[in-house]
Amino acid sequence: MHREALAGNPNPSRHLQALHFLGALARINKLRARKSPPSRRATALGGRRITRAAYAAMAVAAGPRRAWSRAILLGLRRNSIAKPFLIKKRILKPHRELRDVGSRAEEMEFGSLLDETLNYIHHLTAQVGIMQKIADSLCK
Amino acid sequence: MSSRRLRSRQSSSTRITEDQIIELVSKLQALLPESRIRGNDRVSASKVLQDTCNYIKSLHREVDDLSERLSQMLATTEMSSAQAAIIRNLLTQ
């Protein structure tokens, strides 16, 4: 797993992430079109639905091998937005500086955490880029 | 002493060395927006972690803002006409 992290990140997952998100957007838009007079509450809900779709697209692109993507996919199944950062915070909290890491077991968990964080940021920044591009396309 | 026995049982592929951790931390540092100002100067690992937390939080806020914008745009624009342009835009990386 760590050799993969050092080897670099795959690019095809970005296309999968973009297309999954686009599909979700189309579905959300279809639902919105059915309820013809758009209330103010509907647009607020729409924003939240799109946020959920964003994290879902990230998790699907990352696959089930990541702890953070599993957390999102399970959280979505329970119909709640499981913000993975909160989960990370719980793990990060007991941790101090790198030189305080004593036992090898702690080192392994810390290494995995860093690895997961790198991967999460990779997908998160990709998602921001995807949404920005769509917003730009809709502007023209 | 028992930890030494444990170490010998672990295969080299699963053992995380301190060097690997240092490399992962420097990879994180390279991703941070602060690194554009700091350059390659070595920063403490705890500072990198702190900056990483802040960076992730700001990215979450960005996702929320963009979701809000997209929600309003979809309410006013017809998406089907823009779909071809969107897909073309997304797949040219």
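Start by selecting Tyr120(A): with a relative accessibility of 0%, Tyr120(A) counts as buried (buried is under 20% relative accessible area, exposed is over 50% and partly exposed lies in between, using a 1.4 Å probe and protein chains only). Before moving on, note that this is a predicted model, in which local features need pLDDT of at least 70, side-chain atom pairs count only at pLDDT 80 or more, and totals for chains, interfaces and linings use all residues. Residues are numbered from 1 along each chain as its sequence is written, chains are lettered from A and ligands numbered from 1 in the order in which they are written, and side-chain values use heavy atoms, with hydrogens and water left out.

**Stop 1: the aromatic pair**

Which kind of pair do the rings of Trp68(A) and Tyr120(A) form: stacked, tilted or edge-to-face? Over all chains, the structure holds 1 aromatic pair. Its ring centres, in Trp68(A) and Tyr120(A), are 5.0 Å apart and the planes stand at 70°, so the pair is edge-to-face. The cut-offs cover rings of Phe, Tyr and Trp (its six-membered ring): they pair if their centres lie within 6.5 Å, and planes under 30 degrees apart count as stacked, over 60 as edge-to-face and the rest as tilted.

Now colour the two helices. Trp68(A) sits in helix H4 (residues 67-77) of chain A and Tyr120(A) in helix H6 (residues 104-139) of chain A, so the pair links distant parts of the chain, 52 residues apart. Helices here are DSSP runs (H or I, at least four residues), as are strands (E, at least two), numbered from the N terminus.

**Stop 2**

Ser137(A) is buried, at a relative accessible area of 7%.

Zoom out to chain A. You will find 6 helices and 0 strands, giving the pattern α-α-α-α-α-α along the sequence. Of its 140 residues, 44% are buried. Take the contacts between residues at least 6 apart in sequence (contact means heavy atoms within 4.5 Å): 71% of them join residues at least 24 apart.

**Stop 3: where chain A meets chain B**

Select helix H2 (residues 12-34) of chain A together with helix H4 (residues 45-76) of chain B. Their axes come within 11 Å and cross at roughly 50°. That makes H2(A) oblique to H4(B). Axes are lines fitted to C-alpha atoms, for helices over the stretch in contact, with angles running from 0 to 180 degrees between N-to-C directions. Angles under 35 degrees count as roughly parallel, over 145 as roughly antiparallel, 65 to 115 as roughly perpendicular and the rest as oblique.

Is the crossing of H2(A) and H4(B) left-handed or right-handed? The crossing is right-handed; left-handed would have the near helix turned anticlockwise from the far one by less than a right angle, and right-handed has it clockwise. Show side chains next: H2(A) contributes Phe21(A), Leu25(A), Asn29(A) and Arg32(A), while H4(B) contributes Leu70(B), Ser71(B), Leu74(B) and Ala75(B). These residues divide into 5 nonpolar, 2 polar and 1 charged (Ala, Val, Leu, Ile, Met, Phe, Trp, Tyr, Cys and Pro count as nonpolar, Asp, Glu, Lys and Arg as charged, and the others, Gly among them, as polar).

**Stop 4: H2 and H4 within chain B**

The axes come within 10 Å and cross at roughly 45°. H2(B) and H4(B) are therefore oblique to each other, and their crossing is left-handed. The contact takes Val25(B), Leu28(B), Gln29(B) and Leu31(B) from H2(B), with Ala45(B), Val48(B), Thr52(B) and Tyr55(B) from H4(B). By type, they are 6 nonpolar, 2 polar and no charged.

- Ala30(B), in helix H2 of chain B, counts as exposed at 56% relative accessibility; its C-alpha is 9.6 Å from that of Val48(B), 18 residues apart in sequence.
- Glu18(B), also in helix H2 of chain B, is partly exposed at 47%; its C-alpha is 19 Å from that of Asp41(B), 23 residues apart along the chain.
- Asn54(B), in helix H4 of chain B, is partly exposed at 36%; its C-alpha is 9.7 Å from that of Leu32(B), 22 residues apart in sequence.

**Last stop: all of chain B**

Chain B has 5 helices and 0 strands, in the pattern α-α-α-α-α. Of its 93 residues, 32% count as buried.
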